[in-house]
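Please open the structure in your viewer and keep the selection tool at hand.

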Amino acid sequence: MGPGSPKMDFSFMPSRLLEWYAAAARDLPWRLRIPNPYLTLVSEIMLQQTRVETVKPYYTRFIAELPDLPALAGVSEEKLLKLWEGLGYYSRARNLQKAAQAVMREHHGEIPAEREQLLKLPGIGEYTAGAVASIAFGRPEPAVDGNVLRVCARLLNSRHDIADPAFHKAVRKHLQRVYPEGKCSEFTQSIMELGAMVCLPGNPRCMECPLRDKCAGFKAGTAPALPVKKAPAARKIVTLTVFLLRSEQGRIALRKRPGKGILAGLWEYPSVPGRLSRGEALAWLNARTLKPLRFRKTAPHRHVFTHLEWHMAGWFALCLEESPEWVWATPEECRTRYSLPGAFKGFQSDWMTEK
Ligand code: SF4
């Protein structure tokens with residue numbers, strides 16, 4: 001951190017936050033009386049860039065199906081992705097399994113407690129390593145994510161860009177100094193909870209905050225405008241034409257996406273880049289010897305990824321034949337077997353309700 005940066009002293013945090021957390025903590029399925037590193041790892045990976053309420057049912061189902069590390073290490077990719085379907089960022093699921101396999105192979109099936117060892121596992125970065133080491137193993141390792149950076153930037157009334165790795169590093173270092181012995185797990189969770197429930201992004205609830213009288217951002221009246229974050233780069237727009245093809249037997253055409261790139265290896269409706277006119281879409285079907293009995297445009301859908309937006313036009317066709325180019329799946333198979341990413345979910349009502 002450069003000259004003029006506020007002095008980082010977080011020594012007031014543990015006692016206040018621990019007392020507050022004991023009374024205010026939400027009852028979440030992954031908050032355990034008996035620590036379980038596997039369950040902490042699964043929940044922390046699922047919670048990355050995903051809201052708590054969204055994660056809850058996924059976590060419960062995932063744990064019911066894959067209750068321990070050997071089960072995760074050995075599950076088929078098809079089933080793994082089906083369990084993750086709709087949660088997005090599918091590389092998290094694949095990396096989670098790779099991490100489980102590495103633990104089985106290199107650590108006799110025991111998730112390591114040391115941050116440095118955790119960092120060597122696939123898909124485990126600084127945040128997750130800190131979360132697992134502190135929450136599951138009681139180590140004094142901060143788990144610094146956007147929530148924690150926001151709380152700290154406001155406490156310090158800092159206008160430093162929180163995306164700057166130097167700020168991140170300094171916060172981690174100074175938080176680590178104040179970790180309370182025997183209460184590391186609760187301390188990590190209490191900061192996360194404060195960020196999620198009180199020190200909210202646009203509208204902090206300072207009057208409910210146990211740190212208020214120590215908060216420079218509150219005193220200066222600047223808290224709602226903090227933290228400072230560089231504006232993200234504009235997302236790239238990609239247009240697609242999606243074909244919702246249903247055969248007379250009631251089956252739906254699906255194909256597997258390439259093994260690399262966005263939504264790698266997941267199932268999708270056939271699509272082509274760009275926006276096809278009615279004539280072009282019909283020509284595309286005819287080139288595959290598909291003679292639509294009925295053919296119509298569907299409502300368009302848009303899906304936003306982190307750096308990308310898909311703007312999708314759709315054509316529904318009821319087909320006489322089932323082209324061997326694709327898998328033709330029943331609605332039941334679509335539900336139970338083939339993992340279709342959330343990007344295409346908006347189209348589902350179209351082919352499901354069409355008579
Ligand atoms: Fe956040 Fe307000 Fe608490 Fe400061 S007083 S930490 S801005 S909620």
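In this tour, two residues are in contact when heavy atoms of theirs lie within 4.5 Å. Please also bear in mind that the model is a predicted one.

**Stop 1: Arg275**

Select Arg275, in the loop that joins strand E4 (271-273) to helix H13 (278-286). Which residues does Arg275 touch, leaving out those up to four places away in sequence? They are Thr239, Thr241, Glu280, His311, Met312 and Ala313.

**Stop 2: helices H1 and H11**

Next, select helix H1 (residues 13-24) and helix H11 (residues 184-197). The axes of H1 and H11 are 9 Å apart, and the two helices pack at an angle of about 75 degrees. Angles of 65 to 115 degrees count as roughly perpendicular, and H1 is therefore roughly perpendicular to H11. On the H1 side, the contact is made by Met13, Pro14, Leu17, Leu18, Trp20, Tyr21 and Ala24. H11 contributes Glu186, Phe187, Gln189, Ser190, Ile191, Glu193 and Leu194. Sorted by class, the residues of this contact between H1 and H11 comprise 10 nonpolar, two polar and two charged.

**Stop 3: helices H9 and H11**

Colour Asn147, Val148, Arg150 and Val151 in H9, which meet Ile191, Met192, Leu194, Gly195 and Ala196 in H11. In the contact of H9 with H11, six residues are nonpolar, two are polar and one is charged.

**Stop 4: the ligand**

Where does the ligand sit? Select the ligand, and you will find it in the largest cavity. Around the ligand, display Arg154, Leu155, Val198, Cys199, Cys206, Cys209, Arg212, Cys215, Phe218 and Ala223. This shell holds eight nonpolar residues, two charged residues and no polar ones.

**Stop 5: two details of the backbone**

Move to Pro227, in the loop between helix H12 (216-220) and strand E1 (236-247). Is the peptide bond from Leu226 to Pro227 cis or trans? The bond is cis, with omega near 0 degrees.

Finally, select Tyr89, which belongs to the loop between helix H5 (77-84) and helix H6 (91-106). Tyr89 has a phi near 45 degrees, a positive value in a residue other than glycine.

How values were computed
Residues are numbered from 1 along each chain as its sequence is written. This is a predicted model: local features need pLDDT of at least 70, side-chain atom pairs count only at pLDDT 80 or more; totals for chains, interfaces and linings use all residues. Side-chain values use heavy atoms; hydrogens and water are left out. Axes are lines fitted to C-alpha atoms, for helices over the stretch in contact, and angles run from 0 to 180 degrees between N-to-C directions. Helices (H or I, at least four residues) and strands (E, at least two) are DSSP runs, numbered from the N terminus. Ala, Val, Leu, Ile, Met, Phe, Trp, Tyr, Cys and Pro count as nonpolar, Asp, Glu, Lys and Arg as charged, and the others, Gly among them, as polar. A residue is near a molecule or strand if one of its heavy atoms lies within 4 Å of it. On a 1 Å grid over the protein atoms alone, a cavity is a set of points where a 1.4 Å probe fits but cannot get out, and a pocket is an open set with protein on both sides within 12 Å along at least five of seven lines; lining residues have an atom within 4 Å of a point. A molecule sits in a cavity or pocket if more than half of its atoms lie within 2 Å of its grid points. Angles under 35 degrees count as roughly parallel, over 145 as roughly antiparallel, 65 to 115 as roughly perpendicular and the rest as oblique.
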